[in-house]
Amino acid sequence: MKRMHSKLRIDAIFKTVVFFFTCISVIALAAILIFTLLKALPLFKEVNIIEFITSDVWSPSTEQFGIASFVVASILTTILACLIGIPVGLYTAIFISEIAPKKIASFVLFAVEILASIPSVIYGFFGLTVMVPFVQKLFNIRSGTTLFTASLILALMILPTVVSLSTSALKAVPKTIDEGSLALGATKMQTIMKTKIPYAKSGILTSFLLGLGRALGETMAVMLVAGNANMMPQLIPISEAYLNGGRTLTGNIIMELAYASGTHEAALFATGVVLFIFVCLINIIILRVKRKGVAHS
Amino acid sequence: MEDIKFEVKHLNLYYGDFQALKDLNINIKANRVTALIGPSGCGKSTFLRTLNRMNDLVDGVKITGEINMDGKNILSDKINTIDLRTKVGMVFQKPNPFPMSIYDNIAYGPRCQGVKDKKILDEIVESSLKAAALWDDVKDRLNKNALGMSGGQQQRLCIARAIAMKPEVILMDEPTSALDPIATQKIEELIDILKKDYTILIVTHSMQQASRVSDDTAFFLLGEIVEFDSTLNIFSNPKNKKTEEYITGRFG
């Protein structure tokens with residue numbers, strides 16, 4: 001009896017410890033959120049929220065705060081990074097999980113996972129010393145620090161996320177599904193494209209969205225190669241937007257936070273809030289995609 | 001004399017160093033149901049999977065001997081496994097419909113072979129579902145996801161999917177082990193109808209099932225065929241002592 005009692009007690013203590021540590025992570029998140037919101041709040045005494053988002057005039061010295069050009073630059077780099085990174089990532093995942101011999105597959109996966117652990121400042125440094133001159137020569141433009149260069153670096157940076165999550169999603173497809181398809185006389189390629197990918201759809205989509213989130217939130221590498229020019233990207237023709245420098249939402253915060261104060265500082269925190277809202281939207285979509293995936297399996 | 005569909009000669013199969021099938025010699029007759037029985041790990045499923053070359057998917061498998069299907073050795077390197085699998089269909093232990101509509105599940109195989117004509121596909125879907133006694137249950141919801149069906153319906157869908165390829169042979173690997181008794185009964189009735197048109201091999205752990213559905217029975221033990229005869233003889237008058245012990249439930 002006594003022993004039983006002490007076992008129950010250990011169980012209770014364990015539960016408390018788990019609960020305590022869970023609280024720490026939740027509180028940390030809440031603290032960041034509340035802190036950012038509170039710091040952003042003073043801005044909206046000066047500038048109305050619609051103007052803040054839709055105006056492309058950002059001039060702290062004249063107390064004008066509009067982030068539209070940064071929103072556009074962030075969206076442009078994220079879209080192009082995904083257009084490049086997602087197909088490359090998905091096909092790499094297919095290669096790793098379906099086609100490559102075991103040894104080569106684990107080597108490629110290992111290499112891709114190393115990509116994930118390289119600090120972003122190194123990507124930025126690589127971008128600055130290799131990609132920037134390359135882009136400059138390739139298009140014969142005045143400067144290689146462009147939104148295009150930033151998109152290329154971001155494409156590289158989202159690869160590990162897309163590859164490793166899509167690979168696990170494909171590997172998690174039950175063998176019976178493969179066999180069912182092959183037994184009907186389907187080729188391996190037909191089986192992968194028509195059966196396995198649809199089956200792994202929710203995991204693969206999640207990997208895309210997480211990659212998208214990473215591209216949107218990346219700061220250091222983008223700042224080093226994007227030029228950070230405070231101007232609205234010219235959207236027509238689109239090459240004009242990509243072959244010029246631009247400043248993303250993250251870039252805006254890091255460029256000015258060190259010396260900002262007062263309303264200016266609040267405007268930078270508000271930029272952070274906008275970024276946070278974007279990331280939340282992506283996460284809500286991820287949750288929905290996952291729930292759908294669960295419902296069908 | 002009945003036609004012989006598969007003539008198996010000196011078939012050996014190794015997984016690495018482990019020999020899973022030992023010198024099998026057996027003639028499977030066409031348009032009959034042949035049951036493969038025996039305790040777990042005796043090689044009956046492995047044997048079944050040699051008939052449509054599904055063992056090719058396993059790493060480190062080595063096969064020797066011959067399996068002549070209508071006189072052609074299907075173990076030969078020259079055999080196109082894709083062609084073979086369109087002629088030798090398979091139904092698995094666990095129903096494995098694809099995550100798509102009922103219609104698309106049936107049309108999957110023909111589409112993989114390049115059939116695109118909607119009319120032809122419609123016909124194939126209807127006739128296959130009718131043949132699997134599923135048409136009346138699902139004709140109004142062909143565009144619904146197949147994963148929403150009951151287990152028994154899913155398994156009949158898998159049979160319909162195999163039929164859609166107009167195969168000559170259907171291999172069934174414990175097709176009812178995941179189903180309840182009523183769904184099992186329906187599948188067994190279906191097998192009885194299908195044997196007119198197809199050669200059927202069925203792996204089963206249920207003695208009752210083997211005796212109910214099959215015409216011939218092969219008893220496997222430790223990778224060997226201990227006894228092969230008409231089901232009637234195997235169950236009423238087994239010649240081998242091991243067979244008798246197994247079918248009367250004394251081991252296995």
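Predicted model: local features only at pLDDT ≥ 70, side-chain atom pairs only at ≥ 80, totals over all residues.
Let's start with one pair of residues: B:L221 has B:E224 as its bridge partner in β10(B). Residues are numbered from 1 along each chain as its sequence is written, and chains are lettered from A, with ligands numbered from 1, in the order in which they are written.

**Around strand β9 of chain B**

- β9(B) and strand β10 (residues 224-230) of chain B pair in the antiparallel sense, over six bridges.
- As background, strands of a sheet pair through backbone hydrogen bonds, either parallel or antiparallel.
- Six of the six residues of strand β9 (residues 216-221) of chain B are buried, so the strand is largely enclosed by the rest of the structure. (Buried means that 20 or more other C-beta atoms lie within 10 Å of a residue's own; 12 or fewer makes it exposed, in between is partly exposed, and C-beta atoms are placed from the backbone.)
- You can check both faces of β9(B): B:D216, B:A218 and B:F220 are buried on one side, and B:T217, B:F219 and B:L221 are buried on the other.

**The antiparallel sheet of chain B**

- Four strands of chain B make an open, antiparallel sheet, in the order β2-β1-β4-β5.
- The edges belong to β2 (18-29) and β5 of chain B; each has a single partner strand, so one side of each has no neighbour in the sheet.
- Strand β1 (residues 4-15) of chain B pairs with β4(B) in the antiparallel sense over eight bridges. Look for B:L13, which stands opposite B:I63 in β4(B).

**Chain B as a whole**

- Chain B has ten helices and ten strands.
- Its C-alpha trace spans about 55 × 40 × 35 Å along the principal axes.
- The radius of gyration of chain B is 18 Å, which agrees with the value near 18 Å for a compact globule of 252 residues. (That radius is taken over C-alpha atoms, and the globule rule is 2.2 Å times the number of residues to the power 0.38.)
- Of the 252 residues in chain B, 46% count as buried.
- UniProt, in an unreviewed entry, places the feature "domain: ABC transporter" at residues 6-247 of chain B. (UniProt positions are in the numbering used here, feature names are shortened, and annotations may be inferred rather than shown by experiment.)
- Over residues 6-247 of chain B, the chain is 37% helix and 27% strand, with its end C-alpha atoms 25 Å apart.

- B:D70 has phi near 50°, a positive value in a residue other than glycine. B:D70 lies in the loop between β4 (61-69) and β5 (72-73) of chain B, and counts as partly exposed, with 13 C-beta neighbours inside 10 Å.
- B:A133 isn't a glycine either, yet has a positive phi of about 55°. You'll find B:A133 in the loop between α4 (118-131) and α5 (135-138) of chain B; with 17 other C-beta atoms within 10 Å, B:A133 is partly exposed.
- Over in chain A, a cis peptide bond joins A:I236 and A:P237, with omega about -10°. A:P237 is in the loop between α11 (220-226) and α12 (238-242) of chain A.

**Where the chains meet**

- Chain A puts 15 residues into the contact and chain B puts in 22 residues. (Two residues are in contact if their C-beta atoms, placed from the backbone, lie within 7 Å.)
- On the chain A side, α8 (175-183) and α9 (188-199) are the elements that give two or more residues. α8(A) gives the most, with six residues.

Key. Pairing = 2+ DSSP bridges.
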